[in-house]
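Thanks for coming. I will go through one model today, starting with its elements and ending with the contact between its chains.

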Amino acid sequence: MLFEKIQLETDEKVLKMVRKHWFVILAELFATFIMLLFPFFVIFLVALFPDSLSTFNISVADYTAILAYSIAGWSILSLLGGFMIWTHYYLDLWVITDRRIILVDQVGFFNRNVSIFRLERLQDITFKINGIIPTFLNFGALNAQTAGALESNFKSTGLPDPRGLQATIQKAMDDRLKTLHVNPNDTQH
Amino acid sequence: MMDVSTFSNLGIPLSLVTQLGFYFVLGIYAVFTAILYYHWQSYGTDAKVTSLTYIVYLATTVPLLIVMGLMVLII
């Protein structure tokens, strides 16, 4: 499992785990749903205009087995696409701890980025909610800048309640800085 | 009526085409299943969600594969 790989530090507490908003996965899975329905839509059209088949001297009854075979094959491939979308959605993750932000970005099956940002290095966090649906459903993008030289920005879109997330990170950051101020040697932990 | 026993005008039996198609889908399915299993085992965060994903995956895809296999036998 993931946490065995990340290896949290001693006494490190997970404050929040965030995945993309449910609307993001729903919109993506809708395409799979349409793909699944496509052969049935074609059959429906054929049934609606039975005379068009008789022009070609074709009878659907002769093709039942081939139709079932094709629909099954098409459905399997569509479902594989759906499960790929689900895997990308579920394994894409933000883990906010009292010390770090761990970003797991599952871009593809063979493309996975894991970034770790220490809270004391964070400088600025901004969020953006853009559009009618994101406004009503309260999801958007979160941008953060760190004090590092390269790769100092990170951005994630489609996150639920970005305002609340920003507040959580800001609070965790403040708490972390307070802890470090009291005990400066704590940067290693 | 059109002759459905041969594929196109090439003279390839339809049963062979469907059989090859079935093996092709079966190959893709096997590789995809292995990749899916690896990802969920390695990067999953919740054992319940992982198990549920496996169950739904198998429950939706295996019957379709069986239907495909049966149709290959019929055709």
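**Elements, packing and cores**

Chain A has 6 helices and 7 strands; helices (H or I, at least four residues) and strands (E, at least two) are DSSP runs, numbered from the N terminus. This is a predicted model, in which local features need pLDDT of at least 70, side-chain atom pairs count only at pLDDT 80 or more, and totals for chains, interfaces and linings use all residues. Residues are numbered from 1 along each chain as its sequence is written, while chains are lettered from A and ligands numbered from 1 in the order in which they are written.

From the N terminus on, the order in chain A is α-β-α-α-α-β-β-β-β-α-β-β-α.

Now the helix pair. The axes of helix 2 (residues 22-48) and helix 4 of chain A come within 8 Å and cross at roughly 175°. Axes here are lines fitted to C-alpha atoms, for helices over the stretch in contact, and angles run from 0 to 180 degrees between N-to-C directions. Helix 2 and helix 4 of chain A are therefore roughly antiparallel, the word for angles over 145 degrees. Residues in contact have C-beta atoms, placed from the backbone, within 7 Å. Among those that meet are A:L29 and A:M35 in helix 2 of chain A, and A:W74 and A:I85 in helix 4 of chain A. By class, this contact has 10 nonpolar, 6 polar and 1 charged residues. Ala, Val, Leu, Ile, Met, Phe, Trp, Tyr, Cys and Pro count as nonpolar, Asp, Glu, Lys and Arg as charged, and the others, Gly among them, as polar.

Which residues have the most contacts inside the largest nonpolar core? They are A:W94, A:I96, A:I101 and A:I169, in a core of 22 residues. Such a core is a set of buried Ala, Val, Leu, Ile, Met, Phe, Trp, Tyr and Cys residues joined through C-beta atoms within 7 Å; buried means 20 or more other C-beta atoms within 10 Å of the residue's own. Leaving aside neighbours within four places in sequence, A:I169 is in contact with A:I96, A:I101 and A:I125. A second, separate core of 14 residues includes A:I76, A:L79, B:Y57 and B:L64.

Last, the chain contact. Chain B gives 26 residues and chain A gives 24. On the chain B side, helix 2 of chain B gives the most, with 11 residues. That side has 19 nonpolar, 7 polar and no charged residues.

Technical notes. Two residues are in contact if their C-beta atoms, placed from the backbone, lie within 7 Å. A residue is buried if 20 or more other C-beta atoms lie within 10 Å of its own, exposed if 12 or fewer, and partly exposed in between; C-beta atoms are placed from the backbone. Angles under 35 degrees count as roughly parallel, over 145 as roughly antiparallel, 65 to 115 as roughly perpendicular and the rest as oblique.
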